[in-house]
Every structure is written in structure tokens, then in C-alpha cells.
Amino acid sequence: MRKTIKLLIDKLRAFLREKLHQYDVTLPYVITLIIALIFVVGGINLFVELTESLKTDLLADYDQQIAAYVISHRNPALTKYFIFVTHVGDIYGYAAVLIAFTLMSIFVFKNWKYIIQIVLVLILSAVSNLMLKRFIDRARPGIEHMVSVETLSYPSGHAMSAMAFYGFLIYLFYRFKINIFLKIGVILLLGLLILSIGLSRIYLGVHFPSDIAGGYIAGFIWVVFCVLLFNLIDVFRRDPRTPIV
């Protein structure tokens, strides 16, 4: 994936440099970044449009049936697990994971870049989630909430942040040169955590299943955008013809 992204960036950059080099050496890079931003903004707009079009009786029926099925499996052991998991997908959970990842980045990988990247991903996800919630203005399910909630429903902030934060961690661990079994184990664990956080919000009665799906989609958009952005910056930094240092 990383090689494909870099290849696309290089081709676009070379094309723009050939056409625009007589104006400004940095102009092709600026245009490339603008195009990337246009794609992301367009994806968000498409997400919002699709969200509006999904307000149908059919979706309401699916939400009700899926939620009823998940809630029907409530028991003390699952409740403890899902409450724990939902806290892992909250601010204190991210803080704990971020501290652990910071120590790993400093003492194992000896690189602050990864810390800056993962923090940026989380901030972008959190801020955009609040904006989307305000814009779409969907109320929470009218059933018993097993945990307290204060914000609106769609898209799920827990699902969106989990996909963005832990999804980007999956990407980083995929790139890290570590033991293959450790890498696979961490990726599977993070994938299970993403799914569990989303499922926990349905189980605890604070989200519709479509809230979770919307959160996953929006979070994945940020993962793709940030992977593109960071690889773009990396390519530009390695190019001696740009003034980036």
C-alpha cells in the first residue's frame, strides 16, 4: 500500500513539475496537496449526503433488529467486558495507549515522528466528529443507556476515533520492522479492539448500529487521508529540489 501511494505521488509530482516548473519549484507540491484535500473533502461531503439519504424506514428496521439481537445477549460478564472496552475507546483509554506508544517510539524506534502522527490523527477525528454530529443532529436511541452520554448520536465518536486511532496504529505496526508473529498479533488485537469498541456502544444502548457504521467509515477516511499526507510529506522531504528541511 505504501509503495503504491508513493508511486502515485511521484507520478503526479513529476507530471506537475514538468508542466509548472517554470513558475515555481514548490507549486507542483502545493497543487498535489490541494488535490488530496479536495478528495478528502469530497469524500466527507459524499459521506454526509449518503447519511442523509439513509434516513429511511428500512434502515430504522435494520437498526432495531440488530440492536435488539445484540442487547438480547446481555449478561454480567459481557457487560463488564463491554464497559471496559468502551472506556478504552474514551479519552483516558487513548491517553494510556498513547503514553505506552510514546515510550515505545522513544526507546524502541527512537523516532518522535510516529507520536506526532498518531496525535494528529486522533485530533482530526475528534474535531470532525463533533462537527458531523452537530450537522447531522441525530438523537440517541430511546432505550436504557448503561453508560452516561452527553453528545449526539451520529456518527459514533467511539467508533470513529477507534477506527482512526487504532486503525492508524495498525498501519504503523504493519510498517514496523519487528518480529512477524508479534506484528500479526498486535494487528489482530487492534482489529479486535476496533470491532469491540463499536459493538460495545450498541450493547450498552447508546448508539444505533448505523451510528457505528458511519463512525467506522468516517474514521477510515481519516486513516487514508493521513497515510497519504504523511507519505506525501516524506516524499517531499527526500526531494532535494524542495526547500523543506
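Which residues in H7 meet which residues in H8? On the H7 side they are His158, Ala162, Met163, Tyr166, Gly167, Leu169, Ile170, Phe173 and Tyr174, and on the H8 side Lys183, Val186, Ile187, Leu190, Gly191, Leu193, Ile194, Ile197 and Arg201. Contact here means heavy atoms within 4.5 Å. The residues of this H7 and H8 contact divide into 13 nonpolar, three polar and two charged. In that count Ala, Val, Leu, Ile, Met, Phe, Trp, Tyr, Cys and Pro are nonpolar, Asp, Glu, Lys and Arg are charged, and the others, Gly among them, are polar.

This is a predicted model, in which local features need pLDDT of at least 70 and side-chain atom pairs count only at pLDDT 80 or more, while totals for chains, interfaces and linings use all residues. Residues are numbered from 1 along each chain as its sequence is written, and side-chain values use heavy atoms, with hydrogens and water left out.

The chain's secondary structure comes to nine helices and zero strands, and along the sequence the pattern reads α-α-α-α-α-α-α-α-α. Helices (H or I, at least four residues) and strands (E, at least two) are DSSP runs, numbered from the N terminus. Of the 245 residues in the chain, buried residues make up 42%. Buried means under 20% relative accessible area, exposed over 50%, and partly exposed in between, with a 1.4 Å probe and protein chains only. Among contacts in the chain with a separation of 6 or more, 75% join residues 24 or more positions apart.

Two packed helices are described by the angle between their axes and the distance between the axes. Axes are lines fitted to C-alpha atoms, for helices over the stretch in contact, and angles run from 0 to 180 degrees between N-to-C directions. The axes of H7 and H8 come within 9 Å and cross at roughly 175 degrees. That makes H7 roughly antiparallel to H8. Angles under 35 degrees count as roughly parallel, over 145 as roughly antiparallel, 65 to 115 as roughly perpendicular and the rest as oblique.

H7 (residues 157–175) also packs with H5 (residues 91–109): their axes come within 12 Å and cross at roughly 15 degrees. H5 and H7 are therefore roughly parallel to each other. The crossing of H5 past H7 is left-handed, a term used if the near helix is turned anticlockwise from the far one by less than a right angle, with right-handed used if clockwise. From H5, the residues Gly93, Tyr94, Val97, Leu98, Phe101 and Met104 meet His158, Ser161, Ala162, Phe165, Tyr166, Leu169, Leu172 and Phe173 of H7. The residues of this contact divide into eleven nonpolar, three polar and no charged.

H8 has a contact with H4 as well, where the axes come within 8 Å and cross at roughly 115 degrees. H4 passes H8 in a left-handed crossing. Leu78, Thr79, Tyr81, Phe82, Val85, Thr86 and Val88 in H4 meet Leu193, Ser196, Ile197, Leu199, Ser200, Arg201 and Tyr203 in H8. These residues divide into nine nonpolar, four polar and one charged.

The largest nonpolar core has 49 residues, and those with the most contacts inside it are Phe101, Tyr166, Phe168, Leu169 and Leu172. Such a core is a set of buried Ala, Val, Leu, Ile, Met, Phe, Trp, Tyr and Cys residues joined through side-chain atoms within 4.5 Å. H7 gives the largest share of this core, twelve residues. Leu172 touches Phe101, Tyr114 and Gln117, not counting residues up to four places away in sequence.

Three further residues give a local view. Phe165 lies in helix H7 and is buried, with a relative accessible area of 1%. Not counting residues up to four places away in sequence, Phe165 touches Tyr94, Val97, Leu98, Ile118, Val121 and Leu122. The C-alpha atoms of Phe165 and Val223, 58 residues apart along the chain, are separated by 8.1 Å.

Ser156 is found in the loop between H6 and H7 and is buried, with a relative accessible area of 0%. Leaving aside neighbours within four places in sequence, Ser156 is in contact with Asn129, Lys133, Arg201, His207, Asp211, Ile212 and Gly215.

Ile106, in helix H5, is partly exposed, with a relative accessible area of 27%. Beyond neighbours within four places in sequence, Ile106 is in contact with Trp112 and Ile115.
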